[in-house]
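The entries follow the order in which I went through them.

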Amino acid sequence: MRLSVRSKVVLFAVLPVVAIYTGFMLFNVLEMRRLTVASVEWRLGELAGNGARHFDSHLREAAQIAAMTAAFIENRPQLTSDELYTQLQTNLEMNPLVYASGICFEPYQYDPNQRFVMRYAYRNGEALRLSDPSRTGYDYTDEKQEYWHVPRTTGRPVWTKPYYDEGAGDILMSTYSVPFFRDGEFWGIATVDIPLEPLRELADVRMPEHFEFTIITCDGTYVFSPLPDRINKSVSEMLSQGDGDERVELARAIAAGQTGSKKVTGWVAGEREWVAHAPIESARWGFAASVPERTALAPVQEQFARDVIALGASLVLILAGLWFLSAQISGPITRLVGAVTSFAAGDTTARAQKASDDEIGLLAENFNDMAGRVAQREKELRESEERSRAILDTVPDLMFCLTRDGVHLAFHDAKRAEICTRPDEIHGRTVGEILPEPVAEAYLRHIARAIDGGEVEVFEYYLECSETDRRHFEARMVSYRDDEVLTIVRDITERRRAEEQLRRSEGILTAAQKLAHVGSWDWDVQSGDVDWSDETYRIFGLHPGHFRPHIDSVMALFHTDDRAKHEELIEHAIADKSSISFDARILRPDGTVREVVSSAQGQYDEEDRLTRIVGTVHDITERKRAEKDRRELEAQLRQSQKLEAIGQLAGGVAHDFNNILTAILGHVELSIDTVRGELGADHGAVQSMVQIEQAAQRASALTRQLLTFSRRDVMRPQALNLNTILTGLDRMLQRLITEDIVLDTATDPELALVQADAGHLEQVVVNLVVNAVHAMPDGGRLTLETQNVTLDEAYTTSHAEARPGPHVLLAVSDTGHGMDAATLERVFEPFFTTKAVDKGTGLGLATVHGIVKQTGGHIMVYSEPARGTTFKVYLPAIGTIPDDESPLSEPDAYYRGHETIMLCEDDRPVRELIAESLRSAGYTVLTAGNGKKGLEVAQEHPHSIDLLVADVIMPDMNGRKLSERLQALRPGLRTVFISGYTSNVIAHHGVLDEGVDFLEKPFTRQALLARVRSVLGAARKGA
């Protein structure tokens, strides 16, 4: 439908007015409806609450009468019939709404002794007298009656559901029944009967016009309803008669004594109604007030009708005025339309007439100006097309237009030979007819993408122009019209050949750099960016995708001690325009240090300005390491040769000296026998010869030590007791130690025997003691201990050199400066020493290690800086502890338990091994890696902790401090300390108090469980 300007002006002016007015009208109606609904819901709620309270007050007054009667009877157990009847008449006078008041007693039948069974008083006179003989034995208390059965069985009063009393003329009643008792036993009930119809009249007086009320008992029976057929019927009956689920749900909510409101259909009048309900608490009934929605919303509908009439009148007046005004506008516009139509038909000379200076006149003037410019533009466009055609003729690339189906529409053949075909073979034909199938399919795919996506599509392809000539092309196409693309094709054959040659050269260079471990780099001095080859990334341990080389980030990879030298050499090379080469250390992300040699050369532009620096980097770490190893081996070889020469000399001297000692000892023995026979055994000459013999024997022992040092001694294995070895060395050891060192010896009197060479064992003890003395230049305490131990499978699994079974332990401990982790790793290496160059050979501990290994034993060392050192030598025992004294003689069940143990150990593998051992025996284990963490875990644990197992030496907090802190929190907590140091050393350090349990590392699983079980058992006995 086509509308005139005049009609559009009228329409566009009227529509906003109508829309605005309609919006205001709808907003007003909706707001009024919202306020009305809120008012009705509030009023209904008030009516429901007031009605419920009104009924509740009347029911409570009647209930009080029955309660008073029950109390009257309970307080007067001996009553006459007249006294009781008088009380019932008084009840009727107290409340005019009470229809009847009665009493029912146990037993049910009339009593032959003239004891009354039942008495009622009605408002219309006495209904029953007990003197009537015809009533003897009549049962007035059927147990099925609610007013009798409920109080009798529950002992609580009850309002019965409504019923029709036929004797009173089918009046709807409700009975309130109260039980009374005698000597704690049920005796009977007191009742009042309330007619419900008078209460309806009271409620009607309070209900406004159009409002209705409903009362429903707790079991779902209608007491009052605007619909008479519902009275004294249940909700279930109404459901069977066709009431909807919505109404039944509301009735049940009212019966349940709930408070609320709901909109339902057909509650009273068969239409949508609002219903509010509240509980009648004394009888556990529900009260509901309702009003039809149509009645409540009548004012809103009236207001809506008035607004519609006002809108219609306003529209008539507005249309009349607008129709007149629009006529003044449409005339000049119609004339302007005529001029525009002529111009559109091709008449570029058509012009509009300017009739006024208003907007329409301005529009006509602008049209005339536009028409003149369009004519001029058309002329310029023709000239531009001629210039574009001339430019295209100079472009060497192929250009043509294609449809979506690949049909050639136009073709510019400046270099048609490049596509291996003629122009007359292209125009009007499809790409599938001209090009091979794979190339044609690629053309069609990219045409579709260019048209659909609106982006420039680029792809490459090749054509076999002859058997020896393969040409590569790059096609670019863009959509310039619906379902058409402009395509430019360029011959890139030479470029592809150059790229292929470049890739081949780069591949060869990369392979060569990888083989030679030489990387290249190119630094742009202006931007600071650095270009790395793949091998350079490998040398620095970085990935190309995770690191962007820049001069700042590259310099950060060099060792801090080498950066300044690196920067200085580069500045010097830049100043002198010379090449540079320097060694440096780099830091890899994994923390390793690599040594590299880098060479570089600057590049300059035409104005002699530095633009780039290119260079290479060569990883020489392995070469440097090999050179260092070679130098160390040379030094060790020279030292070994020196020692070998000394050993040969010592062996020769010892050999000759033994010969001399043999002669001396032989002659001394003969002389002693001769002189003793002539002069007597007590003669001074005999004693002097005995001293000579003993001195010769000591010299013989000295020669054996020389032979051992020179490795020319033959082992003399025999059953030995380490305690005896230590006793024999006591005087020698006293001479080795200084005066400010205290020597302690703790030996096991039941020590087992070992199979070893006595001289070798003496050398082990002497070397360990000498090392301990050197570690205590300012004095200290030196402890020698022997002990029987058993190494189990768990220990030997983590110590490859050890073998399971019984062993004899020799421990040499000092309180010296100790050793760090790096020194501990190399302590048994030959030629390794921490002493000055002229103070030691580095063979002492290596010799000890060799002797222990040769004997079939195992040696361990425990040390920390500033905390001393303990060497533990384990030698296989050939005599064991008696079975009755072995901790392993207990049955397996002895070691099991269920208690909770707190384990604090800083060595993770040891902590995990101990925890697993304890858990496998049934204990609950809490673990921590240091003392502070152990304190936190213990504080957070909600249950009891039976035992603390703690390492003596730990960072932050030692075992003794942790034990003291936990005993303050948990009094009575027992502690087992564990340590790689011997107990004597720990005691001298003052860490352990007397009576504290200690378990020395290494220990077996059975030893651990036995000690834990023993401590827990002692704690239980003490408790």
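I began with R908 and E912, whose side chains meet in a salt bridge at 2.9 Å, N to O; for a salt bridge I required a side-chain nitrogen of Lys or Arg within 4 Å of a carboxyl oxygen of Asp or Glu. R908 and E912 both lie in helix α24 (residues 908-920), four residues apart, which is about one turn of the helix. I took helices (H or I, at least four residues) and strands (E, at least two) as DSSP runs, numbered from the N terminus.

Before going on I noted the basis: this is a predicted model, in which local features need pLDDT of at least 70 and side-chain atom pairs count only at pLDDT 80 or more, while totals for chains, interfaces and linings use all residues. Residues are numbered from 1 along each chain as its sequence is written, and side-chain values use heavy atoms, with hydrogens and water left out.

I then looked up the accessibility of this pair, calling a residue buried under 20% relative accessible area, exposed over 50% and partly exposed in between (1.4 Å probe, protein chains only). R908 comes out as exposed at 56%, and E912 as partly exposed at 43%.

How many salt bridges does the rule give? I noted a count of 19.

Next I checked R404 and D452, whose side chains form a salt bridge with an N to O distance of 3.0 Å. R404 sits in the loop between β13 (398-403) and β14 (408-412) and D452 in helix α11 (residues 437-453), so this pair ties together parts that are 48 residues apart in sequence. For R404 I wrote down a relative accessibility of 29%, partly exposed, and for D452 a value of 57%, exposed.

I also looked up R612 and D522, which meet through their side chains in a salt bridge of 3.0 Å, N to O. Because R612 belongs to strand β22 (residues 610-619) and D522 to strand β18 (residues 518-524), the pair links parts that lie 90 residues apart in sequence. R612 is partly exposed, at 27% relative accessible area.

Last, I turned to the cysteines and searched for disulfides, meaning pairs of cysteine sulfur atoms within 2.5 Å; the structure holds zero. I looked up C218, which is partly exposed at 37% relative accessibility, and C904, which is buried at 0%.
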